[in-house]
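This report concerns one protein model, shown below by its sequence and its structure.

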Amino acid sequence: MAIERTFSIIKPDATARNLTGAVNALIEKAGLRIVGQKRIHMTRAQAEAFYAVHKARPFFGELVEFMTSGPVVVQVLEGENAVLKYREVMGATDPSKAAEGTIRKAHAKSIGENSVHGSDAAETAAIEIAQFFSGNEIIG
Ligand code: CMP
């Protein structure tokens, strides 16, 4: 299996509760390497562009409000099968359905305030990484 990269966001509900280190510990325990990371406050334009695929959904406005409500930590994760592996580490979008040991089971508050985002495919990961990182900010 080739080494792959995925994109992650530690969301405002998690940064507000000082959980960046706790989330990173679960990421690293799973064998993923954090090869890029920065704490930012997303602009409305960044959040709307990032979640453009959800624009028609009833929760879009709420999602953009939430993602711009406080600091987030954007990350590039690297490892074997990183996209799928990180989705397993995160757990189901709805924390009430997330498996034991996952980030969302341990920390997420609700389907909206669900602590982390991870790319759904390698192609999406490349697009999402490029939205927040330039090449020289990723050190593998
Ligand atoms: P994420 O993986 O960041 O991608 C889209 C996000 O939309 C998802 O995580 C959830 O946080 C959010 N989302 C999905 N369904 C709902 C919902 N019913 N209400 C509010 N937010 C939602």
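The model is predicted: local features need pLDDT of at least 70, side-chain atom pairs count only at pLDDT 80 or more, and totals for chains, interfaces and linings use all residues. Residues are numbered from 1 along each chain as its sequence is written, and side-chain values use heavy atoms, with hydrogens and water left out.

**Two helices and their buried sides**

Helices (H or I, at least four residues) and strands (E, at least two) are DSSP runs numbered from the N terminus. Residues are termed buried under 20% relative accessible area, exposed over 50% and partly exposed in between (1.4 Å probe, protein chains only).

In helix 4 (residues 60-67), Phe60, Leu63, Val64, Phe66 and Met67 are buried. These residues lie on the same side of helix 4 because they cover an arc of only 165° around the axis, the arc being that of the directions from the helix axis to the C-beta atoms. Their cover includes strand 1 (3-10), helix 1 (12-16), helix 3 (44-50) and strand 3 (72-80), where contact means heavy atoms within 4.5 Å.

Helix 7 (122-132) has Ala125, Glu128, Ile129 and Phe132 as its buried residues. Their arc around the axis is only 105°, so they too share the same side of helix 7. Glu123, Ile127 and Ala130 are exposed on the other side. Among the elements covering the buried residues of helix 7 are strand 2 (33-40), helix 5 and strand 4.

**The largest pocket**

About 710 Å³ of space lies in the largest pocket. Of its 29 lining residues, Tyr51, His54, Leu63, Thr93 and His117 are the closest to its centre. A pocket is an open set of points on a 1 Å grid over the protein atoms alone, where a 1.4 Å probe fits, with protein on both sides within 12 Å along at least five of seven lines; lining residues have an atom within 4 Å of a point. Helix 7 contributes the most to the lining, with four residues. The lining comprises 11 nonpolar, 10 polar and eight charged residues.

Most residues other than glycine have a negative phi. Two exceptions are tabulated here.

How values were computed. Grid points are joined across faces, edges and corners, and a volume is the space filled by probe spheres set on the points. Ala, Val, Leu, Ile, Met, Phe, Trp, Tyr, Cys and Pro count as nonpolar, Asp, Glu, Lys and Arg as charged, and the others, Gly among them, as polar.
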